[in-house]
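Let's take a friendly look at charged side chains and how they pair up. Have the sequence and the 3D view ready as you read.

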Amino acid sequence: MTVVNTADRVAEAARAILAAEGVEAVTMRRVADAAGITAMAIYKHYPNREALLAAVADRAFRELGKTWGNRDGDWETRALGLLDDFLDFALGRPHLYRFLITDRRDQARRFPEGFEDGASPSFTKIVALVEEGMRDGLLRPDDPLEVAMTLTAAGQGLVQLYLGGRIGLPEEEFRALCVRATRRVFDGVRA
């Protein structure tokens, strides 16, 4: 049996509310009710809403880092697998995606410093794959961090347009568009 401490229970309650309704819905009172504690009890674990949301973000990124990119195959198959993982996340949990990737947050990582040396559990998988591609001669030698950002920017931009209602394709066709766009970017960085 797994014992979940109160701080973890609070963070999970906040994440559930955020994922279902968006960051604006996360109030200390709602989180306390969902966690089965008083609103004042949250402050024993998190000094304010921002600290609670920072904990939610850190946990979510660690989870994504553990689950993304766990595929076998050649380089391109694994790279497109990371794209699939990203799309599963972004389209399956759009409120959490916006909070983690596009919303302005004081504690959010900033490029390039916040992404160097494995600081981002999810982005690190992409950087590692880019470094492998360069080592194996599949990609031109370049700055791995910048190439990884370039590869991800196309998918993130398309997701923003899709979630904003600017791309009117069914999800399956949208995913195919993302694969084609990513392959075009691959063609630009190949050796």
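In this predicted model, R93 is partly exposed, with a relative accessible area of 29%. Its salt-bridge partner is E63, and the closest N and O atoms of the two are 3.6 Å apart. E63 is partly exposed as well, at 33% relative accessible area. Where do R93 and E63 lie along the chain? R93 sits in the loop between helix 5 (75-92) and helix 6 (94-102), while E63 belongs to helix 4 (residues 49-67), so this pair ties together parts that are 30 residues apart in sequence.

Now turn to R175 and D88, whose side chains meet in a salt bridge of 2.8 Å, N to O. This pair links distant parts of the chain, with R175 in helix 9 (residues 171-189) and D88 in helix 5, 87 residues apart. D88 counts as partly exposed, because its relative accessibility is 42%.

Next come D187 and R190, which also form a salt bridge. D187 is exposed, with a relative accessible area of 52%, whereas R190 counts as partly exposed at 29%.

| Salt bridge | N to O distance |
|---|---|
| R93 and E63 | 3.6 Å |
| R175 and D88 | 2.8 Å |
| D187 and R190 | 3.2 Å |

How many salt bridges does the structure hold? There are 12, and the pairs in the table are among them.

How values were computed:
Residues numbered from 1 in each chain as written. Predicted model: local features only at pLDDT ≥ 70, side-chain atom pairs only at ≥ 80, totals over all residues. Heavy atoms only, no water. Salt bridge = Lys/Arg side-chain N within 4 Å of Asp/Glu carboxyl O. Helix = DSSP H or I, 4+ residues; strand = E, 2+ residues; numbered from the N terminus. Buried < 20%, exposed > 50% of the residue type's maximum accessible area, 1.4 Å probe, protein only.
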